Amino acid sequence: MNEQQRSLHCIPKSLIVLLVTLLGLQIALHYQLPPPRLQVQKLTPPPRIELLRVFSLGDPIMGAKILMLWLQAFDNQSGQFLSYKQLNYTALQQWMEQILLLDPQSQYPLLAASHLYSTVKEPQKQKQMLEFVYNQFFVDPSHRWPWLAHAIIVAKHRLRDLPLALKYAQAIATHTTDDMPGWAQEMQIFILEDMGELEQARLVIGGMLASGKVTDLNEIRFLNDKLRHLEEKSKEYTNHSELKQSQ
């Protein structure tokens, strides 16, 4: 041992007792203090679009991208993740509307609304996001239909709201463009079938076939098969109802 180093036995016992006492007091004080609170920053409404354009410094597309990244990261505050339930969905929708005004070609806000924010475990907020996608669809149906198609799935399978799903499906069918695939236009047929509206589903298929717009042979074969299936199903329902009335 170095001659300049002292043995532990040289430390006065009173000093050791003092150190142990202070350590005990520090531990006791730690458990007496309230747990640290996270100051959650609330999402406030966005500024007017004119101000956002000024802040974009002449590049609204880049400004829209930066704002969308900031908005999507808003639920991560001080290293802790907020649930979507804690977000102000009215302000959230307003921000996404402004971002779409900055960059109308951007699909990111609609993707976030239909795939991320619609997963919130609160039906009212889910519907708010779906309605946002529905209203934005009419601005540019040929590019925004995929997000409304996903809204149909959310309404049907998560919310189990068939009338709402039918409303969205009929919007796509009414605003069909050449860019839309056939299955997107046919979604209303399956929803009508689920609702028991077999006659209306048959009329929709008949209208599609009679319009002459469906030219793909596989598509025509599928629609004819579906039409026969619905006719058989309708007969079964009729026979079952008549049998029940005769008993």
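Student: How many aromatic pairs does a search of the whole structure find?

Tutor: The search of this predicted model finds 9 aromatic pairs.

Student: What describes a pair of aromatic rings?

Tutor: Two quantities describe such a pair: the distance of the centres and the angle of the planes. For phenylalanine 137 and phenylalanine 138, the centres are 5.3 Å apart and the planes lie at 70°. Planes over 60 degrees apart count as edge-to-face, so this pair is edge-to-face.

Student: Is phenylalanine 137 buried or exposed, and what is the relative accessible area of phenylalanine 138?

Tutor: Phenylalanine 137 has 0% relative accessibility and therefore counts as buried. Phenylalanine 138 has a relative accessible area of 33% and is partly exposed.

Student: Which aromatic pair is tilted, at 35° between the planes?

Tutor: Phenylalanine 190 and phenylalanine 222 form that tilted pair, with 6.3 Å from centre to centre. This pair links distant parts of the chain, 32 residues apart. Phenylalanine 190 belongs to helix α9 (residues 182–194), and phenylalanine 222 belongs to helix α11 (residues 217–246). Phenylalanine 190 is partly exposed at 32% relative accessibility, and phenylalanine 222 is partly exposed with a relative accessible area of 34%.

Student: Which residues form one aromatic cluster?

Tutor: Tyr134, Phe137, Phe138 and Tyr168 form one such cluster.

Student: Where does the charged end of lysine 167 sit?

Tutor: The charged end of lysine 167 sits over the ring of tyrosine 134, at 4.5 Å from the centre of that ring.

Note on methods
Residues are numbered from 1 along each chain as its sequence is written. This is a predicted model: local features need pLDDT of at least 70, side-chain atom pairs count only at pLDDT 80 or more; totals for chains, interfaces and linings use all residues. Side-chain values use heavy atoms; hydrogens and water are left out. Rings of Phe, Tyr and Trp (its six-membered ring) pair if their centres lie within 6.5 Å; planes under 30 degrees apart count as stacked, over 60 as edge-to-face and the rest as tilted. Buried means under 20% relative accessible area, exposed over 50%, partly exposed in between (1.4 Å probe, protein chains only). Helices (H or I, at least four residues) and strands (E, at least two) are DSSP runs, numbered from the N terminus. A charge sits over a ring if NZ of Lys or CZ of Arg is within 6 Å of the ring centre and within 35 degrees of the ring normal.
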